[in-house]
Structures are given as structure tokens and as C-alpha cells.
Amino acid sequence: MYNLLIALGVGLVITLGIKLSGIGSIWAGIIPGTIALVGVYLVLARRIGNQLQVLMGSVQKELQTQPTSQKDAQSRVERAIKMLESGLSFEKWQFMVGPEIHSQIAMLKYMSKDLDGAQAHFAKASPRNYMAKAMQGALYYQRKDFSAMKQAFEAAVTSGKKEPLVWAVYAWCLVQNKEKDEALRVLGRGVEANPSDEKLKNSLSALQNDKKLKMKPYEPMWWQFGLESPPPQMLGGGGGRRVQFTPRR
């Protein structure tokens, strides 16, 4: 990436400069060269980070405004996606920027029902973004690719083991696929990872007692997965559903 290459170049110039100037040997130049490398890299990385922070703030502002209609909601999502796509220019400069932006684009496309577009970006998304991986699992569930679904959800609960929602969505999809025993094991793992979470405990207890796995405790985030239709009161004034920006914690 460009930031690292620039920092390496600065470090190398200082190291060789000390050697060629006769101040000291190549070994004498290594320490100041390394200090310069680290310092330049941190400055450049902070610069990109600040630019991304401004970009994400604009995206959040676009999405957190209540839409007046379904058309307005869709327009806001499309504008937010274009903003994020402009941020992909930073991926050549800084490590991990591209995968994280792809994660955000994928989630927005998924929530706006552009499943093909979402799938393309999920393939480039960060494996550490548990919400993106959980939505990818939900996408595979809808397409009945249950092997890929489990792989995506396993990645989600690995990086997001402290997020009850991803365990619950994983279990819900398994229940719908008539894999109750596997769903029980997933919820059991979720409770083990979150021993004080009452929502997961209640979900596990419900399944153990042959009751329906209800997702109401996980609202409103649950609705973003699009696996059940939200009630009328969750819709915007003109029929547009509000889309909430969900960054990785």
C-alpha cells in the first residue's frame, strides 16, 4: 500500500544518507531510519483515518434522517453507497480500508434488496465485520445455499461472539431449515459466550421447551436482515422503511 511504501522509502533514504554522508555505518542509520519509517507511516495512516471519519460521518447523516417515502429512502441509500464507493480510492493507500468499505456497501445493498450487488461486495468484505458476515449468512439462507450460510455465520459468531443478535439470527435460520438440534447447539454456544445475556437465555429456553424462536427481543436490528416483514409502525411516513447505518464495533 502507498502509505507503507512511502514510509519505507523515507526510512531507506535516511538510513543510506547516514551511511553515504560518512556520519556512521549502515547499522548506525538503521535506528533513525526505522524511527522515521514508523513516524511517517503513522502520520499518513492518521491522515487517511481522518478522511474516512469525515466520509463515514456524511454517510451516517444521510442514513439517519427519517425518509418521507419509499422513494426517498431508496434515494438516500443510493447516495450513501456512492459516498462509500468514493472511499474505495483509499484502499490503495491504507491496509484494511477496502474490505471495511466493501462491508458497509454490501450491508446497504443487502438491506435495499440488491442481493446480487450485496453478494459481490460481501466477497470482498472484511471477515472481522461480524454484522456483514451475518447478513451474508442470511443472504445464503435465502438462496438455500446452507453450507455457505453456515460458513458465513460461523465467521460472524467468531468475530462477534459478544453480539447476541448474530447468534440469534444464525439459530433462527437453522430452525427455519428444520435443524433444531443444530440451532440449540448454536444458542448454547451463544449463552456460553454471553452468560449474562437474558435474551439469548430466553431464546435457548424457548427452543428447549418446543416453543417458537421469537426475534422480538432483537428488534429493531433484526428487521435489517429482511427475513421477516416489520410491522406497519416500523415503516416511514410515506411507506419507506428507515435504514440504519451499522458500523462494526
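Predicted model: local features only at pLDDT ≥ 70, side-chain atom pairs only at ≥ 80, totals over all residues.
Residues are numbered from 1 along each chain as its sequence is written, and side-chain values use heavy atoms, leaving out hydrogens and water.

Start with the rings. The whole structure holds 7 aromatic pairs (Phe, Tyr or Trp rings, the six-membered one for Trp, with centres within 6.5 Å; planes under 30 degrees apart are stacked, over 60 edge-to-face, the rest tilted). Select Tyr 141 and Phe 146: this pair is tilted, 6.3 Å centre to centre with 55° between the planes. Tyr 141 is buried at 18% relative accessible area, while Phe 146 is partly exposed at 25% (buried is under 20%, exposed over 50%, partly exposed in between, with a 1.4 Å probe and protein chains only).

Next, pick Trp 222 and Phe 225, a stacked pair at 6.4 Å and 25°; both residues are buried.

Now jump to Trp 93. Arg 47 lies over its face, 5.5 Å from the ring centre (the rule is NZ of Lys or CZ of Arg within 6 Å of the centre and within 35 degrees of the ring normal).

Last stop: Leu 20, which sits in helix α1 (helices are DSSP runs of H or I, at least four residues, numbered from the N terminus). Leu 20 counts as exposed, at 72% relative accessibility.

Definitions and conventions. Helix = DSSP H or I, 4+ residues; strand = E, 2+ residues; numbered from the N terminus.
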